[in-house]
Amino acid sequence: MTERTAPGTDSIRIPDTADQAFDEQVVSARPEHGARDTRVIWLLLGATFVVFLNETIMSVAIPHLVVDLDITLSAAQWLTTAFMLTMAVVIPITGFLLQRFPTRPIFGTAMTLFSAGTLLAALAPGFEVLLGARIVQATGTAIMMPLLMTSLMTLVAPSDRGRFMGRVSIVMSVAPAIGPAMSGLILNYFGWRYMFWFVLPFAVTMLVIGLRRVRNIGETRVFPIDAVSVVISAIGFGGLVYGLSLVGGVVSGRSPGDATAMWISLAAGALGITAFIVRQVLLQRSDRALLDLRTFRTRNFAVSIALMAVMMAALFGTIILLPIYLQDVAGLEPLATGLLVLPGGLVMGLLGPTVGRLYDRVGPTPLLVPGSIVVSAVLWSLTLVTESTPPWMILIAHVALSTALAFMFTPLFTSALGSVEPHLYSHASATVGTLQQVAGAAGTALFITVMTATAASAQAAGTAEIAAQAAGVRNAFLVGAILSLFAIVGSTLVRRPADMAKGAAEGVPAH
């Protein structure tokens with residue numbers, strides 16, 4: 001028989017025969033989060049900020065690594081691709097890990113892996129060791145966001161979740177935004193190894209404090225991992241993300257030899273994900289799924305996830321497209337490019353807590369609808385850029401887009417996770433994390449494919465290279481703008497979860 005441990009207890013054992021009854025007992029018995037729980041959440045936020053900062057820190061260092069390690073550009077790109085692939089493979093497994101093992105060991109494992117990978121990267125004598133170090137880092141990173149989300153949903157009262165989830169957006173937005181700018185500054189004065197030496201003390205500090213302060217929260221269940229699910233998950237999500245990462249190079253003609261690998265990877269990914277879904281549906285009947293898909297039975301979760309996918313695709317597509325435009329068309333230096341897109345990331349993150357408090361007061365619709373309209377308006381405006389568009393206009397557009405996305409991500413995360421039953425929190429968090437990776441890869445592939453195809457066609461017709469590149473950027477943003485129209489419709493369908501609505505109606509005070 002599978003057993004559960006009630007959140008915050010060590011002695012109450014509850015049979016795994018009535019998930020709904022267990023959830024009701026957990027919710028009714030859950031104490032209001034006090035100062036200790038708040039400290040735990042802040043610690044998890046800080047640790048997640050550190051690991052997410054590392055995710056984008058390598059982008060500016062690629063040219064330096066090519067020279068210093070005497071490797072090709074395509075090999076250096078694997079330092080980013082391998083990180084992304086590892087995240088896509090590990091995140092779906094975290095739904096099982098967070099239900100099977102207590103919080104403190106999971107936190108310790110994640111931060112130990114990340115710290116060890118960071119130290120190994122700083123000391124790496126060559127490319128192969130550095131690549132392995134990035135994979136170790138990514139394994140720890142993949143665990144942290146689902147752990148943070150699940151802990152937040154378990155500890156925080158429903159009426160306060162928007163405010164706390166707004167703080168998560170700081171991690172999601174600010175850390176990746178300042179990564180390239182920070183690495184650019186470090187590379188101007190030091191070598192690439194110092195990017196890792198800079199991060200390492202913060203990672204070790206978070207690990208030491210966390211092992212002392214993080215307590216075991218939530219429920220645990222003793223059940224074996226399904227090895228078949230792990231394998232087909234790795235094939236499915238890893239194959240899909242890798243295939244999508246090859247699309248830009250194949251379409252642009254930079255890597256025509258990757259066409260076969262791209263199609264094989266995409267096909268393997270599609271088949272693997274299909275097999276994974278079928279197996280999870282079968283396993284969840286006995287409550288043994290690696291990633292429980294019963295979360296999608298909740299309409300609000302399904303709608304929120306779909307809308308989140310569109311926004312993630314638009315965000316990642318824009319993140320990859322704007323630097324290309326600013327450097328290849330507008331002629332800015334890499335450091336100036338990083339600094340120009342930095343304000344948008346900062347605005348998105350810093351607005352998170354404010355948006356979260358608004359969500360707790362008014363719910364998702366008054367935030368999502370205006371946010372989606374502004375996102376669409378900005379994307380449509382970016383379809384007008386030319387080779388002579390001044391950079392300050394791009395800055396304004398990026399800040400406006402980031403502001404609008406800030407009004408969307410916090411309500412979407414909070415509504416999606418708050419809609420599922422408590423025993424599915426870990427699976428819902430893992431689903432959100434997996435979606436981020438897949439939607440980000442899909443958005444990047446889509447925008448790059450449209451841009452390169454349009455630019456190649458324009459050049460073949462006699463258009464100058466820079467003008468052709470600008471035309472490619474315009475068409476890529478046109479695709480994003482069309483997708484954004486569906487987001488406007490979807491934003492009207494998201495509802496506040498029932499437990500949040502009840503808390504607001506009863507006037508539950510904020511903490």
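Guide: Angles under 35 degrees count as roughly parallel, over 145 as roughly antiparallel, 65 to 115 as roughly perpendicular, and the rest as oblique. Keep in mind that this is a predicted model, where local features need pLDDT of at least 70 and side-chain atom pairs count only at pLDDT 80 or more. Residues are numbered from 1 along each chain, and side-chain values use heavy atoms, leaving out hydrogens and water.

Visitor: Why are α11 and α15 called roughly antiparallel?

Guide: Helix α11 (residues 299-329) and helix α15 (residues 391-418) pack at about 155°, with axes 10 Å apart. The cut-off is over 145, so the pair is roughly antiparallel.

Visitor: Which residues make that contact?

Guide: Contact means heavy atoms within 4.5 Å. On α11 they include Phe301, Met308 and Leu322, and on α15 they include His398, Leu405 and Phe413.

Visitor: What classes of residue does the contact of α11 with α15 have?

Guide: The tally is 17 nonpolar, 5 polar and no charged residues. Ala, Val, Leu, Ile, Met, Phe, Trp, Tyr, Cys and Pro count as nonpolar, Asp, Glu, Lys and Arg as charged, and the others, Gly among them, as polar.

How values were computed:
Axes are lines fitted to C-alpha atoms, for helices over the stretch in contact, and angles run from 0 to 180 degrees between N-to-C directions. Helices (H or I, at least four residues) and strands (E, at least two) are DSSP runs, numbered from the N terminus.
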